[in-house]
Amino acid sequence: MEKEGLLSKLTAYVTAGSLFSVLITLGVLYFVLHITNVPSHEIPKIMLFSSAVITLSFTLPIFFVRAVFYKLFLEKIDHMIENMDRVSRGDLDTPIEPETNDEFGQMAEAFERMRVGIKELVSQLEGELDRKR
């Protein structure tokens, strides 16, 4: 499950920055070509080739950043959301195992402690209700 909100924002920011960089680079290139007395009929060919190369060099990393960002962060967030959904539906018996030793692992450990605490509280409440009956 891909987090469209977060990934879309990342892609939009990186794309906007890349397009801005491409425009500035093309502007500088046009200026340099104009002041170096390159024949005017050659400028469009050079600009077209340059814009293709520059655009590719800025666009390809966007896909790489998206893939890395998804693998490093969003996949782990998806896993924690699944665990939280399971607990919120009342499944207090399935332990939550941390998959990593980073902040996501720490979050999973904290959530596991919370799950165990809730399970103990529910057991205590059920025991008290049984004694009152």
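Predicted model: local features only at pLDDT ≥ 70, side-chain atom pairs only at ≥ 80, totals over all residues.
**View 1**
Let us start with helix α2, which covers residues 43-88. The helix has 46 residues, and the distance from its first C-alpha to its last is 63 Å. That is close to the 68 Å expected at 1.5 Å a residue. Look for Y70 along the way: a kink of about 45° in α2 is centred there. Just after the helix comes G90, whose phi is positive, at about 105°.

**View 1. K76 and D102 joined by a salt bridge.**
Here we zoom in on K76, a residue of helix α2. The side chain of K76 meets that of D102 in a salt bridge, with N and O 3.0 Å apart. K76 belongs to helix α2 and D102 to the loop between α2 and α3, so this pair ties together parts that lie 26 residues apart in sequence. D102, at 23%, is partly exposed. Besides D102, the contacts of K76 include T100 and F104, once neighbours within four places in sequence are left aside.

R86 and D91 form a salt bridge, and their closest N and O atoms are 3.3 Å apart.

**View 2. K119 reaching D93.**
Another salt bridge joins K119 and D93, with 2.9 Å between the closest N and O atoms. K119 sits in helix α3 and D93 in the loop between α2 and α3, so the pair ties together parts 26 residues apart in sequence. D93 is exposed, with a relative accessible area of 57%. K119 counts as partly exposed, at 32% relative accessibility.

**View 3. T100 in the loop between α2 and α3.**
T100 has its place in the loop between α2 and α3. At 23% relative accessibility, T100 counts as partly exposed. Which residues does T100 touch, not counting those up to four places away in sequence? They are K76 and G105. For a sense of distance, T100 and E120 are 20 residues apart along the chain, and their C-alpha atoms are separated by 26 Å.

**View 4. F104 and the buried residues of α3.**
Helix α3 has 30 residues and spans 43 Å from first C-alpha to last, close to the 44 Å expected at 1.5 Å a residue. Its buried residues are F104, G105, A108, F111, E112 and R115, and what covers them includes α2. F104 is located in helix α3 and counts as buried at 16% relative accessibility. Leaving aside neighbours within four places in sequence, F104 is in contact with L72, F73, K76 and I77. A52, in contrast, is 52 residues from F104 in sequence and 40 Å from it in space, C-alpha to C-alpha.

F20, I24, V28, F31, V32 and I35 make a nonpolar surface patch of about 590 Å². F20 is found in helix α1, which covers residues 4-35. This phenylalanine, F20, is exposed, with a relative accessible area of 55%.

**View 5. N37 and its positive phi.**
The last stop is N37, in the loop between α1 and α2. Most residues other than glycine have a negative phi. N37 is not a glycine, yet its phi is positive, at about 60°. N37 counts as exposed, with 68% relative accessibility.

Key:
Residues numbered from 1 in each chain as written. Heavy atoms only, no water. Helix = DSSP H or I, 4+ residues; strand = E, 2+ residues; numbered from the N terminus. Contact = heavy atoms within 4.5 Å. Expected span 1.5 Å × (residues − 1). Bend = angle between axes of the 7 residues up to and from the residue. Patch = residues over 30% accessible without salt bridge, like charges linked within 9 Å, V, L, I, M, F, W, Y side chains within 5 Å. Areas by Shrake-Rupley, 256 points an atom, 1.4 Å probe, with all protein chains shown as cover. Salt bridge = Lys/Arg side-chain N within 4 Å of Asp/Glu carboxyl O. Buried < 20%, exposed > 50% of the residue type's maximum accessible area, 1.4 Å probe, protein only.
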